[in-house]
Amino acid sequence: MDGQQIIDKVKKTLQKAVPAGSTIVAAVSGGADSMALAGALQSLCQKQRYRIYVLHVEHGLRGREALHDAEMVKQFCSNLGLPFCCRHVDVRTYSSKAGISVESAARKLRYQALEEEADRVGAKWIVTAHHSDDQAETVLLKLLRGAGTAGLSGMSECNGRLLRPFLHLTRKELEVYCQMQQIAYCHDSSNDDVYYTRNRVRLQLLPYLQKHFNPAVKKALVQTAELLQQDEAFFSQLVENEFKARAVLQDGKLLLDTNGWQAMAQPVRTRLLRRAYFALGGQELGYRHTLAADTLCLNNRSGQILKLPQQIRAAYAYDCLTFLTSQQDNETKTEQEEVLLPLRDGAAAATAAGRIYVQLLKQRPAFSGNNIIYPAAALAGEWLTIRSRKNGDRFSPYGGCGSKKLKDYFIDKKIPRQQRDSKLLVCCQDRIIGIFGVANAAWKPGEYDLWLNIVLTEKEHNDEQRYQTNFTDQGAD
């Protein structure tokens, strides 16, 4: 294919992939592929009515060389009249804090910067210059890491508002485009450093496979990705439907209903677990952790907790897998309350769960779940204590057969361990007369003419909702 044919191919590819009249943020690093992207978009600007904004992300890894690249892209944009923005990010610090690789941290911060810039300028699309060589490298990397079809399907051409129009163009074709259009481009020296896995794949493994096994191995890998994308699209829709039906975001935690878990096919289960983990902010979840979380649900043993990457935990209890951060876990454990209420009509107090007030009634009220009732004459003392559970607590539930350890009662009621400390007890001296939202205590039979009604007016949880955030392909580079 000669130079003019390549120029035409690049332009036709963009015209097909990027809708006319679009506002675009183009990711331009300064390499041949991204410079070709910027140049080709600008050449189509008037015909396609594009509004183009260029973003260059400087990762803080290469010192003066990186600053030189940023300046070159800035000058190129100035010459073409393209709005330019450079954002500096600290990849090494983020990598250390998040506990992920430098490569993953760079990718995370880069896409975060692109999303923020697109929001700032009101862009509908973010366009990157990933090409078929990148796709082949991605598929091979995922294969070496033991990825499933989601990883092996590689990068998609469209993911949310992210467009990758060049996935069917080669690196060589984009370099030829730059040469034909007299576009200068940079060479990132870190791309030659075989310390990074992707560079070893590109510089060592792929050439070896081309020489000794299949000269067209890149094409074969890209074709494999295209076939697997079709399968993954089917699974993704299936998993999304399950996620919407089973997942709830509550107080910053994600609750996943695991009822009927064994009846689901394993590929659906594992994808659903990863969907939930990523929805809570997780960034990398390997096969070992995914399998461990699946086993947690299959074993159906309440009280089990699994540590996951990025300081996220999965706690299983009674057909529910709760994803929470370590900070939330600590907050749950230390959430202890003790409030005193005088045993008189109209007394009130505020708690973390809501406002509690006392009524003295001549007629026995109904038990509704947000109140505790008890005959006033059956109580000794002038104060009520509203508190969390303590070691040694015993409870005599209404309609039950005597008292039992509160811990055993919670187990019988299938209340998850991580929720037990948040249950508020109503006590008079050493007697538990009820547990808000769980049960009323029993009292001795008799004729009573004055009844105690302790009411909890719960806070509204405006953040409790079905969690339907779209999942961004974690395998994309």
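1. In this predicted model, helix H2 passes helix H9 in a left-handed crossing. H2 covers residues 32–43 and H9 covers residues 171–180; the two pack at an angle of about 55°, and their axes lie 9 Å apart. That angle makes H2 oblique to H9.

2. The residues that form this crossing can be listed from both sides. H2 contributes Ala32, Asp33, Met35, Ala36, Gly39, Ala40 and Ser43, which meet Leu174, Glu175, Tyr177 and Cys178 of H9. Sorted by class, the residues of the contact of H2 with H9 are seven nonpolar, two polar and two charged.

3. Helix H2 also packs against helix H1, which spans residues 3–17; here the angle is about 75° and the axes are 10 Å apart. H1 is therefore roughly perpendicular to H2, since angles from 65 to 115 degrees are placed in that class. From H1 the contact draws on Val10, Lys11 and Leu14, and from H2 on Leu37, Ala40, Leu41 and Ser43. This contact of H1 with H2 comprises five nonpolar residues, one polar and one charged.

4. Helix H7 (residues 132–144) and helix H11 (residues 217–246) pack at an angle of about 75°, with 8 Å between their axes. These two helices are therefore roughly perpendicular to each other. On the H7 side, the residues in contact are Ser132, Asp133, Gln135, Ala136, Val139 and Leu140; on the H11 side, they are Lys218, Leu221, Val222, Ala225 and Gln229. The contact of H7 with H11 holds six nonpolar, three polar and two charged residues.

5. Along the principal axes, its C-alpha atoms fill a box of roughly 100 × 45 × 40 Å.

6. Of the 477 residues, 48% count as buried. Among contacts between residues at least 6 apart in sequence, 70% join residues at least 24 apart.

7. Phe395 lies in strand E17, which consists of residues 394–395. Its relative accessible area is 0%, so Phe395 is buried, the limit being under 20%. Leaving aside residues up to four places away in sequence, Phe395 touches Gly402, Ser403, Lys404, Leu406, Tyr409, Ile432, Gly434, Ile435, Ala439, Asn440 and Ala441. Leu228, by contrast, is 167 residues from Phe395 in sequence and 57 Å from it in space, C-alpha to C-alpha.

8. The loop between strand E9 (304–308) and strand E10 (312–316) contains Gln310, and Gln311 lies in that loop as well. Phi of Gln310 is near 60°, a positive value in a residue other than glycine. For Gln311, phi is near 55°, again positive in a residue that is not glycine.

Terms used. Residues are numbered from 1 along each chain as its sequence is written. This is a predicted model: local features need pLDDT of at least 70, side-chain atom pairs count only at pLDDT 80 or more; totals for chains, interfaces and linings use all residues. Side-chain values use heavy atoms; hydrogens and water are left out. Axes are lines fitted to C-alpha atoms, for helices over the stretch in contact, and angles run from 0 to 180 degrees between N-to-C directions. Helices (H or I, at least four residues) and strands (E, at least two) are DSSP runs, numbered from the N terminus. Angles under 35 degrees count as roughly parallel, over 145 as roughly antiparallel, 65 to 115 as roughly perpendicular and the rest as oblique. A crossing is left-handed if the near helix is turned anticlockwise from the far one by less than a right angle, and right-handed if clockwise. Contact means heavy atoms within 4.5 Å. Ala, Val, Leu, Ile, Met, Phe, Trp, Tyr, Cys and Pro count as nonpolar, Asp, Glu, Lys and Arg as charged, and the others, Gly among them, as polar. Buried means under 20% relative accessible area, exposed over 50%, partly exposed in between (1.4 Å probe, protein chains only).
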